[in-house]
Amino acid sequence: MRLFIYLSEMLGRKVCDSNGRVIGRLTDVSMRLADEVFPRAESLIISRGFIVKQYMSVAIESFERLGKNLKIKKDAGQVNFKPEKLRVDFSLCRDILDQQVVDTHDQKVVRVNDVHLLRVDNQIYLAHVDVGLRGLVRRLGWQKFIDAIVKMIVPDSPYLKEEELISWRNSQALTLGRNKNVLRFNEAKRKLARIPPTQLAEIMEDLDIFEKLSLFKSFTFDLQKKVFTDLAPQEKEELIDQLTDREAADLIENIPSDEAVDLLADIPKEKSAKWLRLIHSATSKQLRKLLGFAQDSAGGLMTTEYLYLKRDALVGDAMAKIKKFVDYPGNIFHVYIVDDEHKLLGATSLRRFINEDDKKPLIETCYPKRIFVRTDDDVEEIALLLEKYKFSSIPVLDENDVLQGVITTDDVLEELISLAWTKYKDQL
Amino acid sequence: MNKLLQKIQESKPYRNLLIFFAIMGPGIITANVDNDAGGIATYSLAGAHYGYTLIWSLIPITIALVIVMEMCARMAVATGKGLADLIRENYGVKITFYMMVALFFVNLTNVMAEFAGVAASLEIFGISKYISVPLAGLFVWMLVVKGTYRSVEKVFLFACLFYVAYIISGVIAKPDWKEVFQQTINPQIDWSLDYTVMLVGLVGTTIAPWMTFYLQSSTVEKGVAVEDYDHLRLDVVGGSIIAPIVAFFIIVACAATLHKAGITIHSAKEAALALKPLAGNYATILFSGGLFIASIFAASILPISTAYSVCEGMGWDAGVDKRTEEAPQFFWLYAVMIIIGAGVVLIPNFPLLKMMYLSQVGNGILLPIVLVLMVRLSNDRDIMGEFTNSRWLNIVTWITVSVIIVLTLFMVGFLFLFPNTVI
């Protein structure tokens, strides 16, 4: 007996009872919902009738033979069919075959043409999904015909030898999440955790909103933050729209504030106001303030998350602060020194104090000149300053020299790229 | 002044208008592509040969068009998926595959018709088709490869104002409005074979399978949010009403000029006479310009939309931003569509008209299948959620779909039985 069998080879096959009488045909395979690398089949779903169909589910243990010939241990009299479709949590035909899955190895979304099953000890495991052309041909029932033609014309064609199989270890179903977030399993999380957030964001762009949501909800909050930040603006809006207000507010509160502001500026006012009310008051106040600035001014570009210390801080304090905030999404290489009114006294960077003595006052390591921009400076001025001093970030002060936030090069680049793109598009 | 401007900008109608313009597109564009070379030809013939007697049919056609298009847009918003995707996921690979094969060939013949339209319109200006068609093919290819399609789309939409010429011409020709009205409300239906075939032709050219796939994909691509569905519906319903209105005026203009003078249409030159009341001796130029725009607009959209749908259904990578080796099937399908579509027009003595019958037959066979699957999909609560068809809508939809099915089966039967009776 072959160890592996394709689902398409089994579907539609006759199922016999213990006396060899045909009781119906195989229509689906229901899988166990467990945290396993390779899910195991729980029962086979058999149907009979042509126009009015009846269904029955038979546990895998009651099969004498599994494969192209299916035989159950019971007698035909001991089974009863039901007139309606059976509700199962996870089945191969509904959730895997013809659906899209994430290939976590090549990091893309693929469509399943066939399912490769492993038969061991009278059990069936979901081993691979077939995403290749040959799988498609097999499903159409033309495999013998096409194989013969290809053999005749190109005997050593890769079509005949290479199957495009993806191990289930490296794939993740998506539609399961629509009714029951099955993705909450650790196994699913482990598979997805191997994909970098930027790639996950790209994968998400290929999915429909339900798949997006089920994938997104399977992430840890930390990963959610990162992936969300990497999504395109339109995708962000679409996704956050589907979250509950509480979830949306939590997310907005925890992503870099410049990202949050961009998002809030684009959505309807009623909605942004509702979310802002749910956000922790200090953050909400900051966001409201930022929302008041023009989007391409320093005030609109800046983030309010940065590292700052008081006038009397020592180098050791700065090191401790950087270590504490090492997971911080913003720029942590620059530390700003402020007075009691939060006016900027100076700026220093890790490079300037990393070799200094821990006891040295931090203010002595500051750049000799205070470089800053005002909240209403525009993006081109900021870009020129950043380029001139080769800084990766620059502080933003209001008219009273109070530190409002910092702008990092990537924020400026993002804005400039979109400006350049608009100009380029006009020239076309 | 600035204050006033600000006030306007903050007002609700203004915001609604902005949202509408942002969303506007899929419905209006589909409707305009619908009035392509084949459409103009059919409406002209209907008016020239049968006068006002076919005008009544535009009312049920409009209702059917609105229902079908609205269903597509709703499925797009509810599922975020294209029609090919949905069919594949819910009905399996076999149905999808054969449907995609049919869609490919049917659309290919439609593309041929568009390039034939390009050839016919420019031949009036004395440009040989051996020059115009390859250039048009190249133009269509460049549009997509260079990714400038989006900006050109606007130009096309603007160019569609050409149809206004028919409206004006229809009015200037002083048609007998009383008769037009009477024929609409109380039509003299003549159940002769020719008349019925023409009637079915009108339905077939207005409601085509490619529209459902195209509209749904472009709505998904546009990414319309659930709350903005009302604006989208306005766009789609508006488009579905504008298309038959244009058809109405084409028929009226042709009936008031050609039919009255007893001219039957044999070529584009005669069809152009319908614009004479407006443009006088420039009628031919106006007509061929319009036909050219309509043809090339449809020729730009059909190949790419077909390649997308087929790849979507078969699970192949697709997208103009991909490299050829990343999405080989997509680019091949696209290339084959254009090369064959434009190529056959250049073959001397190629039975182009026969191909167009075949495309009508193909449309006719495919449309009922697509419609039945669509209605079933839009009734599936697991897929559609709150956007599931309501009961009364279902009744109307099934009636509409059954009528379309009966009519298209009629047409297919006619085309097989009497292949020579059709124009």
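1. Two strands are taken to pair if DSSP finds at least two bridges between them, and this is the sense in which strand pairing is described for this predicted model. Strand β14 of chain A, residues 307-310, meets that condition with β15(A), the two pairing in the parallel sense over four bridges.

2. In β16(A), A:L344 is the bridge partner of A:V338. These two strands, β15(A) and β16(A), form a hairpin with five residues between them, and in the turn A:H342 has a positive phi of about 65°. Four of the five residues of β15(A) are buried, so the strand is largely enclosed by the rest of the structure.

3. Two aspartates of chain A deserve a look for their backbone angles. A:D98, which is not a glycine, has a positive phi near 70°, and it is placed in the loop between α2 (92-96) and β8 (100-103) of chain A. A:D121, likewise not a glycine, has a positive phi of about 50°, and its place is the loop between β10 (114-120) and β11 (123-130) of chain A.

4. According to the domain assignment, chain A is divided into domain 1 (4-94), domain 2 (96-172), domain 3 (196-292) and domain 4 (301-416). The centres of domain 1 and domain 2 of chain A, taken over C-alpha atoms, are separated by 22 Å, and 18 residues of domain 1 of chain A are in contact with 18 residues of domain 2 of chain A. On the domain 1 side of this contact, β1 (4-6), α1 (7-10), β3 (22-31) and α2 of chain A each give two or more residues, with the largest share, three residues, coming from β1(A). By class, that side has 15 nonpolar, two polar and one charged residues.

5. Between the chains, 14 residues of chain A are in contact with 15 residues of chain B. On the chain A side, at least two residues each are supplied by β9 (108-111), α3 (133-140) and α10 (233-242), and the side that touches chain B is made up of five nonpolar, three polar and six charged residues.

6. In chain B, helix α11 takes in residues 193-206, and at 1.5 Å a residue its 14 residues should span 20 Å, which agrees with the 20 Å between its end C-alpha atoms. The helix is mostly covered, as ten of its 14 residues are buried; among them are B:V197, B:M198, B:L199 and B:T206.

7. The C-alpha atoms of B:L193 and B:F414 are separated by 8.5 Å, although the two residues are 221 residues apart along the chain.

Methods: Residues are numbered from 1 along each chain as its sequence is written. Chains are lettered from A and ligands numbered from 1 in the order in which they are written. This is a predicted model: local features need pLDDT of at least 70, side-chain atom pairs count only at pLDDT 80 or more; totals for chains, interfaces and linings use all residues. Two residues are in contact if their C-beta atoms, placed from the backbone, lie within 7 Å. Ala, Val, Leu, Ile, Met, Phe, Trp, Tyr, Cys and Pro count as nonpolar, Asp, Glu, Lys and Arg as charged, and the others, Gly among them, as polar. The expected span of a helix is 1.5 Å times one less than its number of residues. A residue is buried if 20 or more other C-beta atoms lie within 10 Å of its own, exposed if 12 or fewer, and partly exposed in between; C-beta atoms are placed from the backbone. Domain bounds come from an automatic or database domain assignment.
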